[in-house]
Number of protein chains: 2
Amino acid sequence: MDTMGRHVIAELWGCDSEKLNDMKFIEETFVDAALKAGAEIREVAFHKFAPHGVSGVVIISESHLTIHSFPEHGYASIDVYTCGDRIDPNVAADYISEALGAKKRENLEVPRGMGPISVAKSKVTAQ
Amino acid sequence: MDTMGRHVIAELWGCDSEKLNDMKFIEETFVDAALKAGAEIREVAFHKFAPHGVSGVVIISESHLTIHSFPEHGYASIDVYTCGDRIDPNVAADYISEALGAKKRENLEVPRGMGPISVAKSKVTAQ
């Protein structure tokens, strides 16, 4: 497989705190996001923290999706990294952002596996 | 927990191809890297691809470590993301880079959970 990949780093603010603390909902959302983007799921691992917060990963044939949620801050830190040019990581990131009810999203895309690292684009969007 | 985190994105080139294809070695290396950095391990999930390549994640209380290896290119794409200021993600990234025998490493550090995303530093080092 070619090393070329696209890594979307998204900071989601103003999310629904209840959803951010619901591990089952987040896991289902991430699996659905991966499938909607056309990815092939290989491993799914999520963890619920006490008193609040969820961390998790979906490993796909094309790389991974991760989340760390902070319900008390309405914040979720997500990454969607896809290798190859068949899948657009923003499809999954958009789906997750909407599912979590993010009011504000910052997005950074980092090309991976292509030699020198450069930041492709950065944007802030009110949802 | 505070949302503040440090996310190290490292591109490792010129790695030992046999190590990059050895899932057990990579999993042990990642667990050791997390422990050396002082992280608390929560979930470990690795996957071996046919004919070559390993993807995996170690979820820690402080966020995550991931890898996608491409033995045929001597390339490994790694992420070490740690929340809080107690742990230095570079301790884990340095350990992994050395364990995989990387000859060249590009490093990018992205602050997370702090509002607008900005890239903190970028460096290329010959190992």
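First, the ground rules. The model is predicted, so local features are given only at pLDDT of at least 70 and side-chain atom pairs only at pLDDT 80 or more, while totals for chains, interfaces and linings use all residues. Residues are numbered from 1 along each chain as its sequence is written, chains are lettered from A and ligands numbered from 1 in the order in which they are written, and side-chain values use heavy atoms, with hydrogens and water left out.

Let me start with salt bridges. A salt bridge here is a side-chain nitrogen of Lys or Arg within 4 Å of a carboxyl oxygen of Asp or Glu. Over all chains, that rule gives 16 salt bridges.

One of them is in chain A, where Glu40(A) pairs with Arg42(A), with 3.6 Å between the closest N and O atoms. How covered are these residues? Glu40(A) is partly exposed at 43%, and Arg42(A) is partly exposed at 33%.

Another salt bridge joins Asp79(A) and Arg112(B), at 3.0 Å from N to O. Asp79(A) is in strand E5 of chain A, residues 75–83, and Arg112(B) is in strand E6 of chain B, residues 104–112, so this pair joins two chains. On the naming, helices (H or I, at least four residues) and strands (E, at least two) are DSSP runs, numbered from the N terminus. Asp79(A) is buried, with a relative accessible area of 0%. Arg112(B) is buried as well, with a value of 0%.

Now a pair inside chain B. Glu109(B) and Arg6(B) form a salt bridge, and their closest N and O atoms are 2.8 Å apart. Which parts of the chain does this pair tie together? Glu109(B) belongs to strand E6 and Arg6(B) to strand E1, residues 5–13, so the pair ties together parts that are 103 residues apart in sequence. Glu109(B) is buried at 9%, whereas Arg6(B) is partly exposed at 25%.

Glu109(B) has a further partner. Its side chain is joined to that of Asn90(B) by a polar contact of 3.5 Å. A polar contact is a pair of N or O atoms within 3.5 Å; within protein, one must be able to donate a hydrogen and the other to accept it, and residues adjacent in sequence count only if both atoms are side-chain atoms. Asn90(B) sits in helix H3 of chain B, residues 89–99, and is buried at 10%.

In chain A, a network of salt bridges links Arg6(A), Asp88(A) and Glu109(A).

Next, strand E1 of chain A, residues 5–13. Of its 9 residues, 8 are buried. Two strands pair if DSSP finds at least two bridges between them. E1(A) pairs with E5(A) in the antiparallel sense over 8 bridges, and His7(A) has Tyr81(A) as its bridge partner in E5(A). E1(A) also pairs with E6(A), residues 104–112, in the antiparallel sense over 9 bridges. There, Ile9(A) stands opposite Leu108(A).

Last, the contact between the chains. How many residues does each chain give to it? Chain B gives 45 residues and chain A gives 45 residues, where contact means heavy atoms within 4.5 Å.

On the side of chain B that touches chain A, the elements giving two or more residues are E1, E2 (41–48), E3 (54–60), E4 (63–70), E5 (75–83) and E6. The residues on that side divide into 22 nonpolar, 15 polar and 8 charged.

Technical notes. Buried means under 20% relative accessible area, exposed over 50%, partly exposed in between (1.4 Å probe, protein chains only). Ala, Val, Leu, Ile, Met, Phe, Trp, Tyr, Cys and Pro count as nonpolar, Asp, Glu, Lys and Arg as charged, and the others, Gly among them, as polar.
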